[in-house]
Amino acid sequence: MPIHSENDPFSLISGLQSGDKKTFAVIYQTYSKDIFIKLIKLVKSDKIAEELLQELFIKLWLKKETIDIQTNLPGYLNRMAANIAFDYFRKASREQKARAEFIQGVDSTVEQVL
């Protein structure tokens with residue numbers, strides 16, 4: 001079992017990549033609060049930020065063996081958070097556009113029927 005320390009991101013990265021669940025828990029406990037705050041600032045919603053935080057750590061765990069973090073674990077996690085927030089906004093934008101197109105189509109259909 002890897003020995004990890006909040007002050008030693010290299011051992012945390014190594015432990016994560018080897019699939020050590022305790023190391024993953026330490027990473028979560030160490031960085032989740034700051035990432036959550038960052039996500040709240042980006043999405044302006046506690047509930048959405050919480051969902052995105054969960055998504056981030058699920059992705060981190062699923063990609064643990066293939067991630068390439070050379071030096072900066074907090075920077076990597078912050079970049080993941082920003083990317084997940086941007087993905088959220090892109091998805092929301094697509095859904096809003098689809099809704100608007102649907103409503104426009106329904107309005108056109110109603111006008112044709114009348």
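**Close-up 1. Ala-85 and the residues it touches.** Leaving aside residues up to four places away in sequence, Ala-85 touches Leu-39, Leu-42, Val-43 and Leu-52, where contact means heavy atoms within 4.5 Å. Ala-85 has its place in helix H4, residues 73-113; helices are DSSP runs of H or I with at least four residues, numbered from the N terminus. Because its relative accessibility is 0%, Ala-85 counts as buried. Here buried means under 20% relative accessible area, exposed means over 50%, and partly exposed lies in between, with a 1.4 Å probe and protein chains only. From Ala-85 to Leu-56 the C-alpha distance is 9.8 Å, although 29 residues separate them in sequence.

**A word on the model.** This is a predicted model, in which local features need pLDDT of at least 70 and side-chain atom pairs count only at pLDDT 80 or more, while totals for chains, interfaces and linings use all residues. Residues are numbered from 1 along each chain as its sequence is written, and side-chain values use heavy atoms, with hydrogens and water left out.

Close-up 2. Leu-52 counts as buried because its relative accessibility is 5%.

**Close-up 3. Helices H2 and H3 side by side.** The axes of H2 and H3 (residues 46-62) come within 9 Å and cross at roughly 145°. These axes are lines fitted to C-alpha atoms over the stretch in contact, and angles run from 0 to 180 degrees between N-to-C directions. Residues making the contact include Phe-24, Ile-35, Leu-39 and Val-43 of H2, and Ile-48, Leu-52, Leu-56 and Trp-61 of H3.

**Close-up 4. Leu-42 in helix H2.** Leu-42 is found in H2, which covers residues 21-43. Is this residue buried or partly exposed? Leu-42 is partly exposed, because its relative accessible area is 31%.

**Close-up 5. Helix H1 and the glycine after it.** Helix H1 spans residues 9-17, and its buried residues are Pro-9, Ser-11, Leu-12, Ile-13, Gly-15 and Leu-16. After H1 comes Gly-19, which has a positive phi near 85°.

Key. Helices (H or I, at least four residues) and strands (E, at least two) are DSSP runs, numbered from the N terminus.
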